[in-house]
Amino acid sequence: MSISLQLQGILAELPHNVRLVAVSKFHPAEDILEAYDVGQRIFGESKVQELCAKYEVLPKDIAWHFIGHLQSNKVKYIVPFVSLIHGVDSLKLLLEIDRQAKKCDRKIAVLLQLHIAQEETKFGFSFGECLDLVASDEFLACRNIEICGLMGMASNTDDELLAIEEFKGLAAFFNDLQASHFSQQESFKELSIGMSEDYLLAIAQGSTMVRIGSKIFGQRN
Ligand SMILES: *Cc1c(COP(=O)(O)O)cnc(C)c1O
């Protein structure tokens with residue numbers, strides 16, 4: 001099926017409060033334009049160099065989300081234009097985003113990544129580490145960062161019950177953190193969970209942002 005039909009099918013089944021990040025990594029600019037022509041404006045990329053190259057050639061009203069593992073030394077390349085960074089998984093990275101954002105006089109929206117899967121390979125804070133972070137003086141001193149919510153990836157498994165439990169745990173943590181630390185901050189409202197294989201499960205657990213790649217663009221090479 002074509003990109004536009006796949007995209008329209010997914011958009012039709014998303015509740016109105018759930019936004020779609022079309023994950024275009026490893027797919028060429030023409031594929032992105034096909035989705036753009038259907039009206040999609042949020043695209044997700046996971047490699048800095050690829051994101052910068054696509055930003056240069058594609059329409060400027062695209063909201064680019066960085067969804068991959070971001071190295072501190074590459075933050076400076078995306079901060080001038082990125083609209084949301086999903087995977088902040090260390091204080092060091094957060095401080096570097098703040099520093100670079102200050103330089104270009106921007107406030108950068110970010111999500112904190114929590115490690116909820118069983119695989120060791122996935123990145124992210126534990127719940128305890130996340131609580132320590134948001135209580136730390138260094139975090140509180142950041143002026144050019146806006147924490148807009150949390151992001152997580154479930155285990156890569158056919159076991160739906162496991163994925164549901166992982167999403168449920170993150171959603172509960174999100175609600176607690178919102179009440180305990182961000183009740184005065186309206187922009188703390190995003191729960192970025194759900195990919196091609198599990199987005200319906202994630203939506204049922206309170207996702208506000210799904211990151212879908214292969215179901216729209218096909219398999220990546
Ligand atoms: C690649 C990727 C996605 C999209 O994965 P699909 O299974 O192709 O939908 C979502 N989130 C992150 C963090 C990714 O790296």
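**Entry 1**

An axis here is a line fitted to C-alpha atoms, for a helix over the stretch in contact. I keep in mind that this is a predicted model.

I looked up helix H1, residues 3–13, and helix H2, residues 29–37. Their axes come within 9 Å. They cross at roughly 45°. What does that angle make of the pair? Angles under 35 degrees count as roughly parallel, and 65 to 115 as roughly perpendicular. H1 and H2 are therefore oblique to each other.

I then checked the hand of the crossing. H1 passes H2 in a right-handed crossing. Which residues make the contact? From H1 I noted Ile3, Ser4 and Leu7. From H2 I noted Asp31, Glu34 and Ala35. I sorted this contact by class: three residues are nonpolar, one is polar and two are charged.

**Entry 2: helices H6 and H8**

Next I turned to helix H6, residues 127–135, and its crossing with H8. The two axes come within 12 Å and cross at roughly 20°. Angles under 35 degrees count as roughly parallel. So H6 is roughly parallel to H8.

H6 passes H8 in a right-handed crossing. On the H6 side, I found Phe127, Cys130, Leu131 and Val134 in the contact. On the H8 side, I found Gly169, Leu170, Phe173, Leu177 and His181. How many residues of each class are there? I wrote down seven nonpolar, two polar and no charged residues.

**Entry 3: the largest pocket**

Now the empty space. Rolling a probe the size of a water molecule over the atoms shows where such space is left.

The largest pocket has a volume of about 790 Å³. It is lined by 31 residues. Which of them are closest to its centre? I listed Lys122, Met153, Asn156, Met195 and Asp198. Two elements give two or more residues to this lining: helix H8 (160–181) and strand S8 (209–212). By class, I noted 10 nonpolar, 12 polar and nine charged residues in the lining of the largest pocket.

**Entry 4: the second largest pocket**

I put the volume of the second largest pocket at about 270 Å³. Its lining includes Lys107, Val134, Phe139, Leu140 and Cys142. Arg143, Ile145, Glu146 and Ile147 are also among the lining residues.

Which elements supply at least two residues each? They are helix H7 (137–140) and strand S6 (145–152). The largest share comes from S6, with three residues. My class tally for this lining is seven nonpolar, two polar and three charged.

Methods. Residues numbered from 1 in each chain as written. Predicted model: local features only at pLDDT ≥ 70, side-chain atom pairs only at ≥ 80, totals over all residues. Heavy atoms only, no water. Axes fitted to C-alpha atoms, helices over the stretch in contact; angles between N-to-C directions. Helix = DSSP H or I, 4+ residues; strand = E, 2+ residues; numbered from the N terminus. Parallel < 35°, antiparallel > 145°, perpendicular 65-115°, else oblique. Left-handed = near helix turned anticlockwise from the far one by under 90°. Contact = heavy atoms within 4.5 Å. Nonpolar A, V, L, I, M, F, W, Y, C, P; charged D, E, K, R; others polar. 1 Å grid on protein atoms, 1.4 Å probe; cavity = no way out; pocket = protein on both sides within 12 Å on 5 of 7 lines; lining within 4 Å. Points joined across faces, edges and corners; volume = space filled by probe spheres on them.
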